[in-house]
Amino acid sequence: MATQEKYPNRWVQLALGIICMATVANCQYGWTLFVAPIEDKYHWARTAIQLSFTIFLFFETWLVPLEGWGVDKFGPRPVIIFGAILVTIGWIICSKASSLGVLYFAQILTGAGAGAVYGTCSGNSLKWFPDKRGLAAGATAAGFGGGAAITVIPVANMINTSGYEQAFFVFGIVQGIIITCCALFMPRAKLPPGTKAVPRVISSKKNYNPAQIVREPLFWLIYVCFVGVASGGIMATASFGPVSRDYGLDKIPVTCLGVTLPLLTMAMSIDNICNGASRPIMGYLSDRFGRENIMFVVFMGEAAALLGLVFWGRQPLGFMFFAGMTFACWGEIFSLFPSMCADTFGSANAAGNAGTLYTAKGTSSLIVPLAAGLAKGGNWNRTFVLSACIAAICSCLALFVLKPWRRRFIENNNKEIEAQEAAAAAAAK
């Protein structure tokens, strides 16, 4: 008697991926807590310290296509465990770094490790949920966007009580252990027969691979929009600690829901919650109302939030509100753009294609030192205005250029595939 084949519970796989993402999120979103203590101890230039964050983002993103290949060849488990080991080693070295060169080397390892975890979990969600693409990608990205909200308070407390070196060391080890334990239970995606994509937005029947999409001008327009919107958010995540310090707000006690914390710690908790929550929500809405329509709204929202920081950012409540809005209106790009990429270039190579597009985050990281340079002397308004203008331009590009172009591209591809299918059917008769 034949036994029924068992398939892993894909919701459990999604949950494990989210836990991995939430755990590794500190590598990016907790960084701003370490900038001032490092500056105070070694008196290195802030731009030099922030260069290490650019290095982290570069290696986190530009290696994702290679890591995606590793996932396809070996499965998610070994790639995630390898990433966990690199993250742990990177943060331990950060705790001992007494020169900029060592700090930069540590960030190379940390970035490569975080990218292995991020790229694997993100691509894995697309494979497990072809029928709920936007929601699954958004929920997984939410783990990365909102995960630091859970740990920002203990990290900040440890920095204040035991020093930033101890925080790097302890949390580096804890993060590595948690990610490794989750990875042990993450096999290759294997879906029951009949699980199919249910397109709610226009999607392509033609499948491209990474080498092919980079030859398409449409891909580069999507890439430019990704870079433009990400730049504002990247600068925010890297700079809100120094901004609040320059404004004299970082240590002001703030009470919310009966909890009293320094303003920077409270703001970061709120920021990361907003960042994480927007990803599945906007992914879900984009499945129903179209990617570009949602992009237009939220990208304009980021521009408005950044301008809000110009006019009201020196007030405690104004800083907290508009910082939270900035995070909410840029975090969703990590659900919208991977979903759009799969819609446009097919689902067969969705993980590899999304990894290629994800390098846009690394490109945007090159702007972080520029932000610190523009804000020299504490004048952050120049940085916020520039970022707001870029976000507004990308908003208009998404609705008025990208939307009609992408529709024509997909329709032409589908006509080509349908003609091939019709010719094959006629030849078979």
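In this report, Ala, Val, Leu, Ile, Met, Phe, Trp, Tyr, Cys and Pro count as nonpolar, Asp, Glu, Lys and Arg as charged, and the others, Gly among them, as polar. The model you see is predicted: local features need pLDDT of at least 70, side-chain atom pairs count only at pLDDT 80 or more, and totals for chains, interfaces and linings use all residues. Residues are numbered from 1 along each chain as its sequence is written, and side-chain values use heavy atoms, with hydrogens and water left out.

Let's begin with the whole chain. It has 18 helices and two strands; these are DSSP runs numbered from the N terminus (helices are H or I, at least four residues; strands are E, at least two). The radius of gyration, taken over C-alpha atoms, is 22 Å, which agrees with the value near 22 Å for a compact globule of 429 residues. That globule rule is 2.2 Å times the number of residues to the power 0.38. Along the principal axes, the C-alpha atoms fill a box of roughly 80 × 55 × 45 Å.

Lining residues have an atom within 4 Å of a point. Grid points are joined across faces, edges and corners, and a volume is the space filled by probe spheres set on the points. The structure holds four cavities of 30 Å³ or more.

| Space | Volume | Lining by class |
|---|---|---|
| Largest pocket | about 350 Å³ | eight nonpolar, four polar, four charged |
| Largest cavity | about 210 Å³ | 13 nonpolar, seven polar, two charged |

Of the 16 residues lining the largest pocket, Leu33, Asn160, Asp250, Lys251 and Leu264 are the closest to its centre. Helix α3 gives the most to this lining, five residues. The largest cavity has 22 lining residues, and Gly119, Ser122, Gly123, Ala354 and Gly355 lie nearest its centre. Here α7 provides the largest share, eight residues.

Next, look at the strands. β1 (253-256) and β2 (259-262) pair in the antiparallel sense over four bridges, where pairing requires at least two DSSP bridges. Threonine 255 has threonine 260 in β2 as its bridge partner. The two strands form a hairpin with two residues between them, and leucine 257 in the turn has a positive phi of about 55°.

Finally, a helix pair. The axes of α13 (291-312) and α18 (381-428) come within 8 Å and cross at roughly 170°, so α13 is roughly antiparallel to α18 (an angle over 145 degrees). These axes are lines fitted to C-alpha atoms over the stretch in contact, with angles from 0 to 180 degrees between N-to-C directions. Their contact residues divide into 20 nonpolar, four polar and five charged.

Note on methods. Angles under 35 degrees count as roughly parallel, over 145 as roughly antiparallel, 65 to 115 as roughly perpendicular and the rest as oblique. On a 1 Å grid over the protein atoms alone, a cavity is a set of points where a 1.4 Å probe fits but cannot get out, and a pocket is an open set with protein on both sides within 12 Å along at least five of seven lines; lining residues have an atom within 4 Å of a point.
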